[in-house]
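Good morning, and thank you for making time for this item. I would ask you to keep the display in view while I go through it.

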Amino acid sequence: MHFGWHMATATSFLIAGDPIAALGCVAPDIAWVPNEVRFRLSGAKNWEQWSRSNLPPRWTAAYRTTHSMLASALLLIAFWDVYPIRHMLAGWTLHQILDLPSHSGVMAQRPLWPFPWRWTA
């Protein structure tokens, strides 16, 4: 997660008067918070090494779902007429796009989740 990038995009939406889209810019990473806490509390220094032995697929499923452009597209189609959801998904999609080139290793993005294709940065 590149928190600074996501906060910068959220701030842009806030300045433009769209707090719902701003929330969408940071919301996808909320699913990752429990794993981040586990890593920090473990005292491990190497994220990649820790993640290989401590992150079974079921623990990353929520993260993968919130970072799936396929899931976002389906939600956007289903809720196009619902203003708050449409605006939140705008920020959410921006978050996903920023993550594509910035994540690697275990956290390489899978934008078509649940299909296994990975983004190669």
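**The core and the fold**

The largest nonpolar core consists of seven residues: Trp32, Phe39, Trp50, Leu55, Tyr63, Val106 and Met107. By a nonpolar core I mean a set of buried Ala, Val, Leu, Ile, Met, Phe, Trp, Tyr and Cys residues joined through side-chain atoms within 4.5 Å. Buried stands for under 20% relative accessible area, exposed for over 50%, and partly exposed for what lies in between, with a 1.4 Å probe and protein chains only.

Please note that this is a predicted model, in which local features need pLDDT of at least 70, side-chain atom pairs count only at pLDDT 80 or more, and totals for chains, interfaces and linings use all residues. Residues are numbered from 1 along each chain as its sequence is written, and side-chain values use heavy atoms, with hydrogens and water left out.

The chain has seven helices and zero strands; helices (H or I, at least four residues) and strands (E, at least two) are DSSP runs, numbered from the N terminus. The radius of gyration is 15 Å, close to the 14 Å that the globule rule gives for 121 residues, so the chain is as compact as a globular protein of that length. That radius is taken over C-alpha atoms, and the rule is 2.2 Å times the number of residues to the power 0.38. Along the principal axes, the C-alpha atoms fill a box of roughly 45 × 30 × 25 Å. Of the 121 residues, 32% are buried.

Let me return to the core. Val106, one of its members, touches Glu48, Ser51, Arg52, Arg64 and Arg118, residues up to four places away in sequence not being counted; contact here means heavy atoms within 4.5 Å. Threonine 60 sits in helix H5, residues 57-66, and is buried, with a relative accessible area of 8%. Leaving aside neighbours within four places in sequence, threonine 60 contacts Trp32 and Leu55, both of which belong to the core.

I turn now to helix H7. Which residues of H7 are buried? They are Leu89, Gly91, Trp92, His95, Gln96 and Asp99. These residues cover an arc of only 165° around the axis, which puts them on the same side of H7; the arc is that of the directions from the helix axis to the C-beta atoms. They pack against helix H1 (3-15), helix H2 (19-26), H5 and helix H6 (69-78).

Is serine 68 buried or exposed? Serine 68 is buried, with a relative accessible area of 0%. Not counting residues up to four places away in sequence, serine 68 touches Gln96, Arg110, Pro111, Leu112 and Trp113.

That brings me to the segment after H7, which holds proline 114. In general, most peptide bonds are trans. Tryptophan 113 and proline 114, however, are joined by a cis peptide bond, with omega about 20°. Proline 114 counts as exposed, at 58% relative accessibility. The C-alpha atoms of proline 114 and serine 68 are separated by 7.8 Å, although the two residues are 46 residues apart along the chain.
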